[in-house]
Amino acid sequence: MTRTEWWRSAAIYQIYPRSFADSNGDGLGDLPGITGRLSSLRTLGVDAVWLSPFFTSPQKDAGYDVADYCDVDPLFGTLDDFHELQLEARRLGLRVIIDLVPNHTSDQHAWFQEALASAPGSPARARYLFRDGKGENGEIAPNNWKSVFGGSAWTRITEADGTLGQWYLHLFDTSQPDLDWTNPWVREQFREILRFWLRRGVDGFRVDVAHGLVKAAGLPDFTAPVHADVPGGAGSMNEAVDVPYWAQPGVHEIYRDWHNVLNEFPGDQMICAEAWVEPLSKLADWVRPDEMEQAFNFSYLETPWSAESIRTVIDDSLEAFGGVGAPSTWVLSNHDVIRHATRLGMNPPPPQGDGLGPNSPYQVHAELGLARARAASLLMFALPGSAYLYQGEELGLPEVVDLPDSARQDPTFFRHNGTKYGRDGCRVPIPWESAAPAYGFSPSGKSWLPQPFEWGSLARDQQLGVEGSTLELYRSALALRTELGLGLGSLSWIEGYGADVIAFRTGDLTVVANLGTASVELPAGTVLVSSQPISGTSLPPDATAWISAS
Ligand code: NOJ
């Protein structure tokens, strides 16, 4: 197979397996459920799917706590089910990317269980970051690092003989011990994990916490400066300062190594980094020619609804990624952030990870949010590079704000004693058919998070073929994006529209997005697609249109 570098321009759809489609009625989505619904993504017009983790896991962090990297959790099915899924994807012409979680394992992983049963200083302990505590009896954590999910990043264990013992590092939940990536044994295991899935024919990997694997030598204390650029403080994944556990230079050696592993295989596999690194010029290090192919553009995702800010982040992205020969990526939603149909209607939205709930001190403007989300998506699909979509955004799904506390499962909620809601609101199972049990998500009507009553009217069958629906907007835009080759295009700004308007040309297409409060006069030509109905030649506020010259 030749290397087509398909990922440079691909529209990639994130499937969150537990919330996509449930085939066996247990209320949790699974692989056969996905296989059965894949053709709907061909109809949508995407090029590839990325599956969030479906590996063996106690599900303490929805599968981002992996207990066996080379098997499927029975909740989701079997390796054979994954093979069936791949066959169906291939038949439909869809690529399949899977999630790799190398920063930490589950505490139920055999490696960690062995480490617990082994003595301090043993090779089994050396796979993780075990340290003695400070203080007279080792009762003080080895350093002051905080978990991203809240609380200390260290947990003290009870040794095999029943005495209190060493501490282990977990940048996330207690159930997610960090691996020690200075250990060659750990590196070799992950080479083999990559090969295992590459032999099975996956098209690529999304790499979880790709900025966190290497920690600064000596694990020095860190206190986040009180500074606007450090949202969320020391536990936040989005740091603009030198943090001893994020973006350490040593991570790049790992990705150069993986680049070589991918090269052992024929075909056109890729790796995309989940690295919350700013600025973009620094993130570009992850996609240098001998490292990964893509990195999520979270700077774009986090840019507020302002024409000037969006123009700037587009320029910065094209410059930073283009400077190292990589495509830019674009993304507005995923399973960790407030859905953009809600987020863009908030000014400002809560910090990433905090989530929304019934007592949040934030105002949600649902209609405004949806109008902006449709405009933002249409703008995004015109940009050169690769666009990531998160399941349900093509239906205009909002964040679910009123989940009962008893239903919540995100460790963030528990580690903050319910003072932060976390990410469950964007993870609610998606609606397929308005009249079916669980809106078609599950034949039994069960759903691991309750679906809002209003989602019946947003179900896919209520939107398919309905002019003006969000689903049809996405379908038209994605079809045109492919037909016109926009993902491989180049962008030139059009001046003269005023500060609140984004206007550019890509090939023969003119794209105008109106972020102001007054209507904007469109240029002459045919409106190919617009996020709101256009009367005459006037583009309303919070709308985007694509216009062809002819
Ligand atoms: C990022 C993942 O997207 C998120 O869902 C997870 O909780 C953390 N990494 C820890 O694996």
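Student: Which residues line the largest cavity?

Tutor: Keep in mind that this is a predicted model, where local features need pLDDT of at least 70, side-chain atom pairs count only at pLDDT 80 or more, and totals for chains, interfaces and linings use all residues. Residues are numbered from 1 along each chain as its sequence is written, and side-chain values use heavy atoms, with hydrogens and water left out. On a 1 Å grid over the protein atoms alone, a cavity is a set of points where a 1.4 Å probe fits but cannot get out, and lining residues have an atom within 4 Å of a point. Here they are Tyr300, Leu301, Thr303, Trp305, Ile310, Leu332, Arg343, Leu344, Ala376 and Leu379.

Student: Which elements give two or more residues to that lining?

Tutor: Helices are DSSP runs (H or I, at least four residues), numbered from the N terminus. By that count, the elements are α8 (298-301) and α11.

Student: What is the volume of the second largest pocket?

Tutor: A pocket is an open set of grid points with protein on both sides within 12 Å along at least five of seven lines. Its volume is the space filled by probe spheres set on the points, which are joined across faces, edges and corners. For the second largest pocket that comes to about 370 Å³.

Student: Which element supplies the largest share of this pocket's lining?

Tutor: Among the 16 lining residues, those closest to the centre are Thr342, Ala366, Pro398, Glu399 and Glu454. Both α10 (340-343) and α11 (366-381) supply at least two residues of the lining. The largest share, 3 residues, comes from α11.
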